[in-house]
Amino acid sequence: MPNPANLMAWPWSAGITHSMRWLLKINLVVKNHTDLPRGRPVVLICNHPPAAFFPILVWASMTNLRLLPVVVSKASNLWNALLAIVIFPSLVMKALMVTTRGNGWGAWLVEKLSRLMVTRWSMLIIFADAHRPESKKALADYERMVEVVPSIQYQDRLGAYHYAGVYSALKALGLNASVVAATMSFPRGATGWKAPWRVYGETIAIRIRDVTHIFQSAMLEEVGEGGRPTKFIEAINDLACDEDSWIITRNR
């Protein structure tokens with residue numbers, strides 16, 4: 001059965017989203033390219049928005065996919081300055097898995113909790129990480145990834161190195177799960193605690209599309225003990241780079 005407490009996600013996300021649209025004169029554009037079969041759990045992979053825009057992402061995905069959210073967040077978000085309005089309500093509605101960045105014990109926790117919390121009434125929202133080309137961490141992650149998949153290119157922005165959370169979720173839910181990519185494009189520089197004020201009068205665009213077919217064959221790859229799922233890493237990296245290309249196009 002779905003968790004009734006998750007119903008808090010709707011008034012919480014809708015209230016904050018529409019308040020921001022009114023107060024900050026934000027033009028919100030959502031393009032939905034999905035026609036998912038009903039009765040299946042959904043893994044929603046997205047770029048990591050600033051915490052201020054997190055309710056917008058939840059509202060847009062709930063509105064278009066009509067599923068309750070189960071959200072993966074890294075543990076450091078618990079100390080976010082916006083804890084009172086963004087993170088704490090998520091904990092109250094029991095819709096937040098707190099992990100590390102998706103590798104190690106974080107990935108293990110995602111797998112275990114996916115089996116318990118993600119049902120045919122819900123979607124697992126998980127971030128594919130760093131869409132910030134200027135960060136030193138992005139370059140360091142890319143250099144680590146080249147060691148695993150030498151053919152991967154940096155392109156204009158980094159793809160995903162922290163794949164393990166997504167991989168663990170899909171492994172737990174099986175091939176019955178649908179996979180959706182949700183990408184949020186916001187004006188350049190709209191990060192950190194000043195993010196809401198930097199989007200005043202601007203457009204935030206969200207694209208939602210079904211990418212299940214991309215991962216079906218990748219999940220069938222047999223991985224030896226201690227090995228890495230190379231096909232899956234390539235698939236999620238290609239997806240992240242494609243989504244980044246769309247973000248760059250929007251911001252030109």
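These questions and answers go through a predicted model of a protein.

Me: How many helices and strands does the protein have?
Reply: The model is predicted, and the protein has 252 residues. Its secondary structure comes to 9 helices and 7 strands.

Me: What share of the residues of the protein count as buried?
Reply: The accessible surface of the protein comes to about 12100 Å². Carbon and sulfur atoms account for 56% of that surface. Of the 252 residues, the share that counts as buried is 53%.

Me: Is Leu 68 buried or exposed?
Reply: Leu 68 is found in strand S3, which covers residues 68-74. Its relative accessibility is 14%. A residue under 20% counts as buried, so Leu 68 is buried.

Me: At what angle do helix H1 and helix H2 pack?
Reply: H1 covers residues 9-23 and H2 covers residues 54-65. Their crossing is left-handed. The axes lie 8 Å apart, and the angle is about 115 degrees.

Me: How many nonpolar residues does the contact of H1 with H2 have?
Reply: H1 brings residues including Trp 10, Ile 16 and Met 20 to the contact, and H2 brings residues including Phe 54, Val 58 and Trp 59. By class, the contact has 4 polar and 1 charged residues, and the number of nonpolar ones is 12.

Me: Which element gives the most to the largest nonpolar core?
Reply: The largest nonpolar core has 38 residues, of which Phe 53 and Leu 65 touch the most other members. H1, H2 and the strands S2, S3, S5, S6 and S7 each supply at least two residues of this core. With 8 residues, the element that gives the most is H2.

Me: Which residues is Phe 53 in contact with, leaving aside its neighbours within four places in sequence?
Reply: Phe 53 belongs to the largest nonpolar core. In soluble globular proteins, nonpolar side chains tend to be buried together. With those neighbours left aside, Phe 53 is in contact with Met 20, Met 184, Phe 186, Ala 190, Ala 195, Pro 196, Val 199 and Ile 204.

Key:
Residues are numbered from 1 along each chain as its sequence is written. This is a predicted model: local features need pLDDT of at least 70, side-chain atom pairs count only at pLDDT 80 or more; totals for chains, interfaces and linings use all residues. Side-chain values use heavy atoms; hydrogens and water are left out. Helices (H or I, at least four residues) and strands (E, at least two) are DSSP runs, numbered from the N terminus. Buried means under 20% relative accessible area, exposed over 50%, partly exposed in between (1.4 Å probe, protein chains only). Axes are lines fitted to C-alpha atoms, for helices over the stretch in contact, and angles run from 0 to 180 degrees between N-to-C directions. A crossing is left-handed if the near helix is turned anticlockwise from the far one by less than a right angle, and right-handed if clockwise. Contact means heavy atoms within 4.5 Å. Ala, Val, Leu, Ile, Met, Phe, Trp, Tyr, Cys and Pro count as nonpolar, Asp, Glu, Lys and Arg as charged, and the others, Gly among them, as polar. Accessible areas come from the Shrake-Rupley method with a 1.4 Å probe; for residues, only the protein chains shown count as cover. A nonpolar core is a set of buried Ala, Val, Leu, Ile, Met, Phe, Trp, Tyr and Cys residues joined through side-chain atoms within 4.5 Å.
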